[in-house]
Amino acid sequence: MIELLRRVLRSPQGALGLVLVGLILLVVILGPWIAPYNPESLAPLQRYKPPSAQFWLGTDQYGRDILSRLLHGARATVVLAVFATALGTLAGALIGTISAFLGGRSDEAIMRTVDAVMSIPSLLLALLIVNLLGKSSLNALLAIAIAFTPGMARVTRSVALAVRKQDYVNAAIARGESAGFIVWREMLPNVVAPIIVEMTIRVAFAVMLFATLSFLGLGAQPPASEWGLMVAEARRFMHLSPWMILWPSLAVAFVAIGFNLLGDGLRDALNPRT
Amino acid sequence: MSPAYILKRIVLVGYTLLVVSLIVFAITQILPADAAVMMLGENATAEALAALRAQMGLDAPIWAQYGHWLAGVLRGDFGVSMRTGQQVGPVMIEALGRSLLLALFSIVLMLMLALPLGIIAAVRRGRIADLVVSVISYIGVSLPEFVTATLVVLVLADWLQWLPATGYVPLTENLLQGLRHLVLPVLTISVILIAHVSRMVRSELVDVLHTDYIRAARLKGLPGRTVLYKHALRNALLPTITIVALDIGYLLGGVIVVEEIFALPGIGRQLIVAIQSRDLPSIQAGALIMAATYAVASFLADIAYARLDRRIQYD
């Protein structure tokens, strides 16, 4: 683990990604405490303020402090995205490993179906699922998890195929272990590393997807300070104050860049190709 | 490439569409709200509701409903919109045409910019140019469409007032105005594509430039340009075809957001409207047509790939 961390830090992307993700986690944990104002307190006399010493990032249409809203919204945005990715990854990893373990026709049938599901764009699939379940943050989380499952199944299966051929799997089969035991205890632990890389990159995508769902009015609901929702609300006031729309947009991009960089750094650290 | 391989791929496209139709139907038809209540309102009489359900086939078992719907789809009949009362199929196909136009312009712009950027980055690997391209592509990949759209509107439409922020004018009606309305949506969609593809071109080209046959070509004394364009690029671009095909899936997701933001009446916007008004036949048709477009695109990419790369023998 320490060795891996050292290798991640050696590449410029990895080091920068680690710093950015570290910062993001700090904001997620400490956000509500370091926020200078209450994110929902209205101040009718302080509306549409540009950045100043009093309000570092300005205020919105109700006079709410944008910095405080962003700091509070970090939890809504980032934590949900991480959970959604983890859930989708777990489901996908299970399907992919089982498919590789079964092999033959079952494998073929499972993977063709996974391919078929993947031909629905993930945003569209997420939209349909949220539409089915009803709009809320929790349902958006589920929708993203489901939308990520086939992709993760595909990645996991290609790794698990190699693991399947290893002697320790054959030994487990020879010992007469159950299929569940072999998939869960022998194969899954050995496909974890590449999956974590894929997962890190997907967190970036999940943040974007979740913010997009909220932006379209199908994720977090007002008065939440989820970042995509903040952008959607700020659009109407773009002419009055461009700052309102700029900050949450940059926040989403910042998180996505952080996780993308970290994912690439991890990938280089785990399989140094050049 | 044998006919058997092509046949197998065609069967797979068919299977894909079958699975997608099942998923789409399942997700939409088990909506919590009762379609008949939605159309007639809360105060409708029980008889009126029952009559409408019978008319819409909602009283039949779910499998019969699916079979009925699928049979219609196969004849090109996607049903009637619950919102407008129009035939859904023609409306969606017309909208798809506008979306494909948007996608086509975006892909052309992407190829015009992503290839040179990727080549420069690979050739000048580790230098400033490479760094600049990497930074641009990281930012591009990390901006969701709604953020990119917001930024381009803010700068090009709001501050500089060069281009209209929303709306759509058919190209056949007024070519110049039509193109002006397409610029911002195309820019928005291209950003992520350019970022993604230029990264791909760079890494493929870097790999190819390290191979023995490139060394051999260099040592033979061929000019650098010839080596780069005739020997290296050809091989580096092959995997890029697959990536472009995969990106079409992303592209179709992207048009949903972009069309909504720029009020461009393509299939994505139709879908959003359908979802917001819970117009089942439109949602089903839109989702199915989108998935079908993607399945066909990736099928064509596979065929093109096999055609271009003679080393690959499919059976």
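Helices (H or I, at least four residues) and strands (E, at least two) are DSSP runs, numbered from the N terminus. By this definition chain A has 10 helices and zero strands, and its pattern along the sequence reads α-α-α-α-α-α-α-α-α-α.

This is a predicted model, in which local features need pLDDT of at least 70, side-chain atom pairs count only at pLDDT 80 or more, and totals for chains, interfaces and linings use all residues. Residues are numbered from 1 along each chain as its sequence is written, chains are lettered from A and ligands numbered from 1 in the order in which they are written, and side-chain values use heavy atoms, with hydrogens and water left out.

**Chain A**

The C-alpha trace of chain A spans about 75 × 45 × 30 Å along its principal axes. Of its 274 residues, 53% count as buried; buried means under 20% relative accessible area, exposed over 50%, and partly exposed in between (1.4 Å probe, protein chains only).

Helix H3 of chain A (residues 66-102) has 37 residues and reaches 53 Å from its first C-alpha to its last, close to the 54 Å expected at 1.5 Å a residue. The expected span is 1.5 Å times one less than the number of residues. A kink of about 40° in H3(A) is centred on Gly73(A), the bend being the angle between axes fitted to the seven residues ending at a residue and the seven starting there. Just after H3(A), Gly103(A) takes a positive phi of about 65°.

A nonpolar surface patch is formed by Val19(A), Leu23(A), Leu25(A), Leu26(A), Ile29(A), Leu30(A), Trp33(A), Ile34(A) and Phe254(A), with about 910 Å² of accessible area together. Helix H2 of chain A (residues 12-34) supplies the largest share of the patch, eight residues. Leu30(A) lies in helix H2 of chain A and counts as partly exposed because its relative accessibility is 35%.

**Chain B**

In an unreviewed entry, UniProt lists residues 96-301 of chain B for "domain: ABC transmembrane type-1". The unreviewed entry also lists, for "transmembrane region", spans of chain B that include residues 135-157 and 236-263. UniProt annotations may be inferred rather than shown by experiment.

| Span of chain B | Distance between end C-alpha atoms | Helix and strand |
|---|---|---|
| Residues 96-301 | 20 Å | 83% helix, 0% strand |
| Residues 135-157 | 25 Å | 91% helix, 0% strand |
| Residues 236-263 | 38 Å | 96% helix, 0% strand |

Ala263(B) is found in the loop between helix H10 (224-262) and helix H11 (267-276) of chain B. Although Ala263(B) is not a glycine, its phi is positive, at about 50°. Ala263(B) counts as partly exposed because its relative accessibility is 29%.

Methods: Patch = residues over 30% accessible without salt bridge, like charges linked within 9 Å, V, L, I, M, F, W, Y side chains within 5 Å. Areas by Shrake-Rupley, 256 points an atom, 1.4 Å probe, with all protein chains shown as cover. Salt bridge = Lys/Arg side-chain N within 4 Å of Asp/Glu carboxyl O.
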